[in-house]
Amino acid sequence: MPRIGDFAPDFEAVTTTGNLKFSEFNKGSWVVFFSHPADFTPVCTTEMSGFALEKDFFNKHNAKLIGLSIDSIHAHIAWVNAVNDKTGVLFEFPIIADIDMSVSKLYGMLQPGESETAAVRAVFIIDPIGKVRLVMYYPLNVGRNMEEIKRTLIALQVSDENKVAMPLNWQPGDKVIVPAPKTIEALAERKNSSLEMVDWYLAKKEL
């Protein structure tokens, strides 16, 4: 199972948008890679529809979506078509047909204590150089929180750009945490700064 800070394992797969090599798909873009237990299931339909409806948000934040389940490409296409017919929502992002479970096992999405034949609801956020930056796991019976996925993607991007950290419940526009000083000189500079000081090691600022 890839851990935070690891490079995302590369693979080639058949998807609903054609054959895909992950390292090429990922190059230069953030990727939100998520698994779902099965096609034609109710919770999964709400989740996949939620991702599809957020297409503009993810495009704005240079993030590509890619889904996976242990189903055939024909099942995927039939499900995409059925959801589009019934709701008008089209899953335009690629969905991996992982019938042999190879990608699921590579990413630790198949967890036998939960199910030996269905992937759990995993989410990996992978940065443009291919490093895993965030991992979430949900059980089969609990849908994901889309707002949290969006929030953490923004937080990672803002943190990278500004070299800061985010406090509890941070939302875009909130103050951020500045790294603690590591020398006596830096400590003195901090005490004379305009930062919001909670203590010498905990200081906040607006971006």
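User: Which class of residue supplies nine members of the lining of the largest pocket?

Analyst: This is a predicted model, in which local features need pLDDT of at least 70 and side-chain atom pairs 80 or more, whereas totals for chains, interfaces and linings use all residues. Residues are numbered from 1 along each chain as its sequence is written, and side-chain values use heavy atoms, without hydrogens or water. A pocket is an open set of 1 Å grid points over the protein atoms alone where a 1.4 Å probe fits, with protein on both sides within 12 Å along at least five of seven lines, and lining residues have an atom within 4 Å of a point. The lining of the largest pocket has three charged residues (Asp, Glu, Lys, Arg) and one polar residue, while the other nine are nonpolar (Ala, Val, Leu, Ile, Met, Phe, Trp, Tyr, Cys, Pro).

User: Which strand supplies at least two residues of that lining?

Analyst: Helices (H or I, at least four residues) and strands (E, at least two) are DSSP runs, numbered from the N terminus, and the protein chain has seven helices and 10 strands. Of the 13 lining residues, Lys55, Asn59, Lys64, Leu65 and Phe93 lie nearest the centre of the largest pocket. Helix 2 (42-53) and helix 3 (55-60) each supply at least two lining residues, as does strand 4 (63-69).

User: What is the relative accessible area of Met197?

Analyst: Met197 belongs to strand 9, residues 196-199. Buried means under 20% relative accessible area, exposed over 50%, and partly exposed in between (1.4 Å probe, protein chains only). Buried residues make up 46% of the 207 in the protein chain, whereas Met197 is partly exposed, at 33%.
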